[in-house]
Amino acid sequence: MKIKVSKSNYIYILLFFTLSCTLDKDLKTNVFRYNEHKNIGSLDPAFTKDNADIWAVNQLFNGLVQMDENLNVQPCIANSWAISEDALTYSFSIRNDVQYHKHDLFGEDSTRTVKASDFEYSFNRLLDKKLASPGSWTLNKVESFTAINDTLFQIHLKQAFPAFLGLLTMKYCSVVPKEIVEHYNTDFRSHPIGTGPFKFKRWEENLKLVFRKNKEYFEIDSNGKQLPYLEAVAITFLSDKQSEFLQFAQGNIDFVSGLDASYKDEILTASGQLRPLYDTDVNMIRGPYLNTEYLAIFMETELPELQSDILRKAINYGFDRQKMMTYLRNGIGIPANGGFIPKGLPGYDNTIGFSFQPEKAKQLVQQFKIETGITTPEITITTTSNYLSFCEYIQRELQKTGITVNVDVIPPATLKDAKANGKLDLFRASWVADYPDAENYLSLYYSKNFAPNGPNYTHFKSKLFDQWYEDALTITDIKKRELLYTKMDSLVMAKTPIVPLFYDEVVRFTRKEVSGLGINPINLLDLKRVKKTKE
């Protein structure tokens, strides 16, 4: 294996050894080590917008409820709840044995028990305009909330919203202690005190982050043993994915998430199997991920090629998604022959999308030329460098149908701004579920959610879709709502504001010494049940 490491990363690589040695010396037991190639912006749950932040914060904080690996809502600090008949009032019974991590500000005992009033404070903080939390939207459908007493917290909704419990599992809705937050103010981001399985120890930003076991943690396993099993978590910040993989291959970190182009052919065969070189030392875990990768078409475009539903359908028929996944992703990912709702989520239907039909695509392109008089239809796909290979593949395939395709590569920040402001006709995008309900995906096509004030980046508009979307919010019967979701997704695909590419999969590589990591469709890193045997 030959992997080049830039000079700027040697310092970081040395930190792997330094940090590992320090922890091994201090703890003489299990330390879970992973690298975060994106810097962590905050350890304050009110600002856990990115996956890097969410993974770290999930080790430190808890909420009322939590999601299991099958996307079922389970008790957490709330040990039970009741929902009123009109589905507007949620009453949560709060455990009386959950303690905050120790801190001198708590007084003589250095800790205290979580009360319902802590959730009232935490939710009010989330809504505080001065704080400007990116997670305030999670409470948009909430009319009011109040602590009835120390162990009863009640939430009243403006309207019934079946996915509400799922929303409450997001890290934004974690409980935080008022006295600590108000002492540190904005510095709470780097002085987090929560209730999670691990407690904050040390953070040298962009270099290393250490959590230690919370010995007072309230959750137990099925055998009655207290969680977590690990003694510590050590996070380093190598920005280069190649260097990260090198550290994993050498056994200096325990876990790598995702499949990067820099090492995918090194570790996997074209069919998606571990190569023999790694089979004895590495475990691979894979499963559905609630992420749809797609090309988005701005429906208010002035470009006649993309105004035409004929040519939009030709684009959808014109390339082989299965072949794309085999050659560009080593078979990791599911070809998107259904709609926008990904496989694994209720509402998904693999019959409503587009299959590879090159002759039909050519016929549609010819029909477009005859009807419009445009003899050389031309489109431009805008993307970031990470997805250039996919767009170049689509470019080659579509040109066989008679469409001239250009690919424009721009920085991620530029693309983000341009798509929000309707400056791109056709661009690569992805949508990762914030919560496991198809409403989360379909909200991208609700006309009242036009970007930049909402996630409808295509500016798709349909009165029928809007009516169905609003109807779905009032349906509490899961099966009825699922059928309506499929109808809505089918309507979107018939109008073709998007070109679905693939539904992603979570891929995790761990050293053989690691067990209990598991996998889930929202790719949440949960370390409280992880065990690590001696190397």
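Me: What makes Cys76 count as buried or exposed?

Reply: Cys76 has a relative accessibility of 3%, and buried means under 20% relative accessible area, exposed over 50% and partly exposed in between, with a 1.4 Å probe and protein chains only, so Cys76 counts as buried. Cys173, at 1% relative accessibility, therefore counts as buried too. This is a predicted model, in which local features need pLDDT of at least 70 and side-chain atom pairs count only at pLDDT 80 or more, while totals for chains, interfaces and linings use all residues. Residues are numbered from 1 along each chain as its sequence is written, and side-chain values use heavy atoms, with hydrogens and water left out.

Me: How do you know how many disulfides there are?

Reply: A disulfide is a pair of cysteine sulfur atoms within 2.5 Å, and by this rule the count comes to zero. Cys76 is in no disulfide, the nearest cysteine sulfur being that of Cys173, 12 Å away.

Me: Why are β4 and β6 said to stand at the edges of their sheet?

Reply: Two strands pair if DSSP finds at least two bridges between them, and strands are DSSP runs (E, at least two residues) just as helices are (H or I, at least four), numbered from the N terminus. The open sheet of four strands has the order β4-β5-β7-β6, with antiparallel pairing. Because β4 (78-83) and β6 (142-149) each have a single partner strand, one side of each is left without a neighbour in the sheet.

Me: What makes β5 and β7 a pair?

Reply: Five bridges join β5 (residues 89-94) to β7 (residues 152-157), and the two run antiparallel; at least two bridges are asked for, so they pair. One example is Ser93, whose bridge partner in β7 is Leu152.

Me: Which strands does β12 join by bridges?

Reply: Twelve bridges join β12 (residues 282-297) to β17 (residues 498-511), which run antiparallel, with Ile498 in β17 as the bridge partner of Ala296. Seven bridges join β12 to β16 (residues 426-432), again antiparallel, and there the bridge partner of Tyr294 is Ala429.
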